[in-house]
Amino acid sequence: MSLRVSERVPTATLRYLEGEAQRSVCSDSLLAGRRVVMFSCVGAFGPAGADALMLSYDTHRDALSALGVESIVCVLVNDPWVVEAWRQHLSLGDELHLLSDAHCEHHHAVGLHFDGSSQALGWRAKPYSMLIDDGTVRVLNVAEPGAEHECAADTLIQQIRALR
């Protein structure tokens, strides 16, 4: 079953690179007491829609911050080295937090995954975006692969403004 608005985001361990060292972070520590945007796409270096989705959040960082968003987190079903290579490929700074869910454990826990085995992808994340307040989902958008634009930053910004 998929995560829904007003539910708490399940605890998960996510990974990232710090230099050459792999580090882990608990999702609870990212979300507790904070307003966070979390999103995902099928994977790094995927279809052009994935790049556009990521870049939409980079472009709209200031607008999200003005709406009280303290952190923007992208969780990808790729290993931390691929995630970091994609960050560099897109020339992203450290303002966006790109995290690895290499075995799709987080995405299984939130029910936002699909089996891409028929295309040699294995388990992958559905494109989604959400606004999370202190660990609880306030806004949730889920799209089919290829329709990442439905989860873009401008859509989420309009939804956050409507909450006010």
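I take a nonpolar core as a set of buried Ala, Val, Leu, Ile, Met, Phe, Trp, Tyr and Cys residues joined through side-chain atoms within 4.5 Å. Buried means under 20% relative accessible area (1.4 Å probe, protein chains only). The model is predicted: local features need pLDDT of at least 70, side-chain atom pairs count only at pLDDT 80 or more, and totals for chains, interfaces and linings use all residues. Residues are numbered from 1 along each chain as its sequence is written, and side-chain values use heavy atoms, without hydrogens and water.

**Cores.** I find 30 residues in the largest nonpolar core. Val37, Met54, Tyr57, Leu64, Ile72 and Trp86 have the most contacts inside it. A second, separate core holds 17 residues, including Leu3 and Met130.

**Trp86.** I listed its contacts (heavy atoms within 4.5 Å), skipping neighbours within four places in sequence. Among them are Cys41, Phe45, Met54 and Leu76.

**Cysteines.** How many disulfides are there in the whole structure? My search finds 0, counting pairs of cysteine sulfur atoms within 2.5 Å. The Cys74 sulfur is 5.2 Å from its closest cysteine sulfur, in Cys41, so it is too far for a bond. Cys74 is buried, at 1% relative accessible area.

**Helix α4.** I use DSSP runs for helices (H or I, at least four residues) and strands (E, at least two), numbered from the N terminus. Pro80, Val83, Trp86 and Arg87 are buried in α4. Seen down the axis, the buried residues of α4 fall within an arc of 125° (directions from the helix axis to the C-beta atoms), so they line one face. Their cover includes β1, β2, α2, β4 and β5.

Notes:
Buried means under 20% relative accessible area, exposed over 50%, partly exposed in between (1.4 Å probe, protein chains only).
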